[in-house]
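Here are a few notes to read alongside the model, colleague to colleague. Have the viewer open as you go through them.

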There are 2 protein chains.
Amino acid sequence: MAIKLFITDDHYMVIEGIHSLLQNEKQIEWMGHATNAASCLAFLKQYLPDVILMDIGLPDISGIDLCKEVKEKYPSVFIIGLSTFNQLSFIEKMMNNGASGYVLKNATREELIEAIEVVSKGKTYISDEAAKTMNSKPESNILLTRREKEVLGLIADGMTNNEIAQKLFISITTVETHRKNLLAKFDAKNIASLIKTAMQLQLI
Amino acid sequence: MAIKLFITDDHYMVIEGIHSLLQNEKQIEWMGHATNAASCLAFLKQYLPDVILMDIGLPDISGIDLCKEVKEKYPSVFIIGLSTFNQLSFIEKMMNNGASGYVLKNATREELIEAIEVVSKGKTYISDEAAKTMNSKPESNILLTRREKEVLGLIADGMTNNEIAQKLFISITTVETHRKNLLAKFDAKNIASLIKTAMQLQLI
DNA sequence: TTACGCATCCCTTAAAAACAGGATATTTTT
DNA sequence: AAAAATATCCTGTTTTTAAGGGATGCGTAA
């Protein structure tokens with residue numbers, strides 16, 4: 001039985017490219033495509049694919065959030081994250097939200113087909129390059145509390161401890177404590193390097 | 001006479017997608033593709049296309065640099081920048097380096113064909129969305145000197161004025177002056193907001 | 001219920017950065 | 001050659017951060 005495949009990506013070129021790459025694969029049945037999250041969800045109300053190739057950079061909501069929603073509503077669907085970016089944070093978030101695979105957009109036809117087949121059996125597929133990234137980075141597992149994120153944002157906006165304290169109706173010492181904890185969590189020497197890495201990890 | 005088209009992009013899906021989108025267009029002749037800058041240059045030693053679709057995020061050197069090189073060696077070739085990103089800095093750099101057009105990867109078939117045809121006549125084509133970006137942004141015209149960039153980078157790496165002074169063999173007061181000037185140029189209140197905006201403008 | 005994470009608050013001292021207001025030499029541009 | 005931009009250096013003062021040590025409630029989940 002053919003694997004029913006659906007694709008959600010806002011790039012026509014990529015949709016067309018994948019369609020073209022897979023058109024001679026009889027074991028894969030092309031169900032169609034959506035160019036945004038909303039129409040993807042609309043499609044799923046009527047049809048149930050086996051595998052969804054899902055871009056991360058969607059125009060309405062991110063593929064990461066969409067992945068979560070789809071898996072909650074339709075747990076039987078296997079999702080493969082599709083992205084230009086070989087970024088650990090994306091891969092992790094995607095996998096945490098229930099994705100079964102992650103493929104970069106520079107994947108070859110063979111790789112793509114393998115990913116779809118592996119994932120359709122309920123297994124996990126991560127492309128070689130992406131896997132390398134996961135192993136190379138010693139995990140940037142920085143978990144911030146709500147308050148810490150808030151304070152971090154205000155610091156990045158150029159506010160001093162004093163100003164932040166007034167804004168949040170807390171004591172300066174409390175703000176200093178949060179700052180202290182942020183520096184420790186990021187293993188940063190000072191605010192400059194903290195902001196830099198926070199921006200890189202897209203935590204601001 | 002058909003427009004001879006070559007494409008340089010490291011994503012097979014995109015190459016295949018464009019190929020597929022254009023396969024029925026008789027006025028466009030598909031010459032082939034390269035997945036990196038080196039093989040693009042190698043191809044150009046033997047053949048001369050009319051138009052090159054050039055991705056910005058190439059694995060070896062950036063499409064921006066490649067664009068410059070190609071235009072210097074083969075001025076008759078018209079280049080269309082191709083990117084996922086609707087970012088002013090990219091568009092500007094690409095155009096400054098001699099590109100004749102800029103198209104986003106979510107372009108439709110019609111848009112793509114129009115771009116190729118317009119550009120092949122020596123005119124300029126910028127996709128609607130990209131044009132919007134160019135107009136919407138009031139230009140972040142922050143010009144840094146070499147030294148300022150250097151100091152900015154070191155600050156972002158978490159170094160103190162003292163450390164930077166030692167590293168660059170200059171006085172602390174000089175570093176402080178650069179810092180002062182950086183804050184003024186960015187109109188930033190302190191280093192935290194400076195780093196944030198510098199990261200956003202990709203100056204680090 | 002007890003342990004843990006979280007948010008809150010406090011003190012002290014030293015270091016660093018921000019602010020103000022200069023000056024001088026060397027490039028670059030005009 | 002003159003003007004402008006750049007890089008370098010200086011003396012102060014005030015504000016802000018960093019780093020060290022703590023402590024107290026308040027939920028929540030084991």
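1. Let me start with one strand pair: S4 (residues 78-83) and S5 (residues 101-104) of chain A pair in the parallel sense over four bridges (two strands pair if DSSP finds at least two bridges between them). Within S5(A), Tyr102(A) is the bridge partner of Gly81(A). Helices (H or I, at least four residues) and strands (E, at least two) are DSSP runs, numbered from the N terminus.

2. A word on the source: this is a predicted model, where local features need pLDDT of at least 70, side-chain atom pairs count only at pLDDT 80 or more, and totals for chains, interfaces and linings use all residues. Residues are numbered from 1 along each chain as its sequence is written, while chains are lettered from A and ligands numbered from 1 in the order in which they are written.

3. Now the DNA: 19 residues surround DNA strand C, and among the closest are Thr145(A), Arg147(A) and Ser171(A) (near means a C-beta atom, placed from the backbone, within 6 Å). H9(B) gives the most to this surface, with four residues. Helices H7 (146-156) and H9 (172-186) of chain A and H8 (161-168) of chain B are among those that each supply at least two.
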